[in-house]
Amino acid sequence: VGAEVVVVGSANVDLVLPVQRIPRPGETVLATGLTRGPGGKGANQAVASARAGASTAFVAALGDDDGGALLRAALAEAGVDLSLLQISQAPTGTAIITVDGAGENAITVAPSANATLRLTPAARSAVAGAKIVLSQLEIGFGTVQAAAEASAYFILNAAPAAELTDELLGQVDLLVVNETEAEAVAGTKLSALLDRVPAAVVTLGAEGALILTRDAAEVRVPAVPVEVVDTTAAGDTFCGVLAATLAATSTTASDLTNAVRRATVAASLSVQTAGAIPSVPHGESIDARCAEVYL
Ligand code: ATP
């Protein structure tokens, strides 16, 4: 394949149900609408990496169904290399996303095909040849571990939040987590992340991001102040653009800071547009905004 960035992750059909109030256990509520679109952390991050300018291949498992076709079309439109997609006997993964009037959400994911994803020999060789490999936790741990072991530089976005083994974290070059996920990995003290991985980026929503590395001082990158429309896929945009930018530069501490700045600008653009994949910005708009923000 020869892609600079390989994303090993999930692809889901997102069913978004707007409601006045997220139902309590045992309760039924009526949604005011229903939209169906391509999503999943892996797919969103692969699209973000490709749109940011990196040649990007996606290792994922889709069902042989409408959802799989919906995802293929969206990934192809973004220029993602689809040659490593696996067709599963199981249906395409599905996320049911209930969103209330205040923008609060509750999400349930059926992994389905995502749980069947394996690192085939072809996928392993693409992973081994990539500059940057990026994974998340919506697929099986065994597959994440196999990708980590085969990678030259492995970025783990440890989402959704989970406790992780030393065996896996020992293979991670850069951990990207929000505050909840950071706590699941190393407790409330963010600096404790460095006891487990050599470098970490903690995203802090409207507060921006914090870069922690064992061999350089802590760096805080402020968020770009914007009017928030929908934060869906802000974190995924951040991860995909970070990976693409590191692939185009290097992984030294100063290039890491610059890549986090570009990812922060990209994420600020994504929160200004509704949806997951539709809100992921292209490289030209990211760089135009970077030039305005970091004169
Ligand atoms: P999500 O699950 O909503 O995709 P997350 O919890 O993984 O996001 P966050 O830390 O909330 O991650 O957001 C990721 C990045 O998006 C932040 O580091 C920041 O750069 C940007 N961002 C998020 N919220 C805002 C905001 N309100 N204004 C500007 N930038 C934001």
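View 1. A polar backbone atom of Gly205 is 2.8 Å from an oxygen atom of the ligand. For Gly208, the polar backbone atom is 3.0 Å from a ligand oxygen, and a backbone N or O atom of Gly235 lies 2.9 Å from an oxygen of the ligand. On its own the ligand has 630 Å² of accessible area, of which the protein covers 79% (Shrake-Rupley method, 1.4 Å probe). A polar contact is a pair of N or O atoms within 3.5 Å; within protein, one must be able to donate a hydrogen and the other to accept it, and residues adjacent in sequence count only if both atoms are side-chain atoms. The model is predicted: local features need pLDDT of at least 70 and side-chain atom pairs pLDDT 80 or more, while totals for chains, interfaces and linings use all residues. Residues are numbered from 1 along each chain as its sequence is written, and side-chain values use heavy atoms, without hydrogens and water.

**View 2. The shell around the ligand.** Of the 16 residues around the ligand, Asn178, Thr203, Gly205, Gly208 and Gly235 come nearest (near: a heavy atom within 4 Å). The shell divides into nine nonpolar, seven polar and no charged residues, with Gly counted as polar. Helices α7 (234–248) and α8 (253–270) each supply at least two residues of this shell. Helices (H or I, at least four residues) and strands (E, at least two) are DSSP runs, numbered from the N terminus.

**View 3. Gly205 in its loop.** Gly205 lies in the loop between β12 and β13 (209–213). Its relative accessibility of 59% makes Gly205 exposed (exposed, over 50%; buried, under 20%; partly exposed, in between; 1.4 Å probe, protein chains only). Ala223 is 18 residues from Gly205 in sequence, and their C-alpha atoms are 7.6 Å apart.

**View 4. Helix α6, residues 179–186.** Glu181, Ala182 and Val185 are the buried residues of α6. Seen down the helix axis, they fall within an arc of 105 degrees and so line one face of α6; the arc is that of the directions from the axis to the C-beta atoms. These buried residues pack against β10 (154–157), α5 (166–169), β11 (174–178) and β12 (199–203) (contact: heavy atoms within 4.5 Å). Asn178 caps the N-terminal end of α6, with a side-chain oxygen 3.1 Å from the backbone nitrogen of Thr180. Gly187, which follows α6, has a positive phi near 85 degrees.

**View 5. Helix α1, residues 41–51.** In this mostly covered helix, 10 of 11 residues are buried, among them Asn44, Gln45 and Arg51. Just after α1, Gly53 takes a positive phi of about 115 degrees.
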